[in-house]
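Work through the following exercises with the sequence and the model at hand. Each task is followed by a solution in steps.

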Amino acid sequence: AMAYPPAWRAPGGHVLSPAPAPAQPSQPSRKRHRERHRDHAESEPLPHGFQVRLSNIPQELTARDLAEAFSEVSSSRVESVDLLRDGHGRATGDAVIIFAARPDAQNAVRRYHGGDLNGKRLEAIYEGEVNVKR
């Protein structure tokens, strides 16, 4: 019987090395480069987002409510929704929403600025491009 090299028996044995990455059609050099970036997040430029500040949000709305509402009118992802709170943990009525795509941010401002939400007149201001902290 042939003596197989240890690597051959690896799938059944207890192996500490990570599972091999699925084969991808991209060139090996690019793939290696991409993995290096993923491992060292600090060397990677922060992804950009487009920030909109909302004011006069009804108290009863949660960040999840806002995220769902904006996801429905956005073609790209909504990166984050931060409902701002005061020192006592009460919602201030302000929120910062970061969109992955500029048109979504501008569309949100057009649709919601001056709009009525649960009886309150919303303010939406496009604040421009920001770095997104993941």
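A nonpolar core is a set of buried Ala, Val, Leu, Ile, Met, Phe, Trp, Tyr and Cys residues joined through side-chain atoms within 4.5 Å. Buried means under 20% relative accessible area, exposed over 50%, and partly exposed in between, with a 1.4 Å probe and protein chains only. The model is predicted: local features need pLDDT of at least 70 and side-chain atom pairs count only at pLDDT 80 or more, while totals for chains, interfaces and linings use all residues. Residues are numbered from 1 along each chain as its sequence is written, and side-chain values use heavy atoms, with hydrogens and water left out.

**Exercise 1. List the elements and describe the sheet.**

Step 1. Helices (H or I, at least four residues) and strands (E, at least two) are DSSP runs, numbered from the N terminus. The protein has 4 helices and 6 strands. From the N terminus on, their order is α-α-β-α-β-β-α-β-β-β.

Step 2. Two strands pair if DSSP finds at least two bridges between them. By this rule 4 strands form an open sheet, ordered E2-E3-E1-E6, with antiparallel pairing. Strand E2 (78–85) and strand E6 (123–131) each have a single partner strand, so one side of each has no neighbour in the sheet. From one strand to the next, the twist averages 20°; angles run from 0 to 180 degrees between N-to-C directions, along axes fitted to C-alpha atoms, for helices over the stretch in contact.

Step 3. Strand E1 (residues 48–55) and E6 run antiparallel and are joined by 8 bridges. Within this pairing, Gln51 has Gly128 of E6 as its bridge partner.

**Exercise 2. Which residues have the most contacts inside the largest nonpolar core?**

Step 1. The largest nonpolar core has 20 residues, and Leu54, Ile57, Leu66, Phe70, Ile97 and Phe99 have the most contacts inside it.

Step 2. E1, H3, E2, E3 and H4 each give two or more residues to this core. H4 supplies the largest share, 4 residues.

Step 3. Phe70 is buried, with a relative accessible area of 3%. Leaving aside neighbours within four places in sequence, Phe70 contacts Leu54, Val78, Ile97, Phe99, Ala108 and Tyr112.

**Exercise 3. Classify the aromatic pairs.**

Step 1. Rings of Phe, Tyr and Trp (its six-membered ring) pair if their centres lie within 6.5 Å; planes under 30 degrees apart count as stacked, over 60 as edge-to-face and the rest as tilted. The structure holds 2 such pairs.

Step 2. Phe70 and Phe99 form an edge-to-face pair, at 5.6 Å centre to centre with 85° between the planes. Phe70 is in helix H3 and Phe99 in strand E3, 29 residues apart. Both residues are buried.

Step 3. Phe70 and Tyr112 are also edge-to-face, at 5.0 Å centre to centre with 65° between the planes. Phe70 lies in helix H3 and Tyr112 in helix H4, so this pair ties together parts 42 residues apart in sequence.

Step 4. The ring pairs link Phe70, Phe99 and Tyr112 into a cluster.

**Exercise 4. Is Leu122 buried or exposed, and which residues does Leu122 touch?**

Step 1. Leu122 is in the loop between strand E5 (120–121) and E6. Its relative accessibility is 4%, so Leu122 counts as buried.

Step 2. Not counting residues up to four places away in sequence, Leu122 touches Ser55, Asn56, Ile57, Tyr112, His113, Gly114, Gly115 and Leu117.

**Exercise 5. Find residues other than glycine with positive phi.**

Step 1. Most residues other than glycine have a negative phi.

Step 2. Asn56 has a positive phi of about 70°. Asn56 sits in the loop between E1 and H3, and counts as partly exposed because its relative accessibility is 33%.

Step 3. Asn118, with a positive phi near 50°, is in the loop between strand E4 (116–117) and E5.

How values were computed: Contact means heavy atoms within 4.5 Å.
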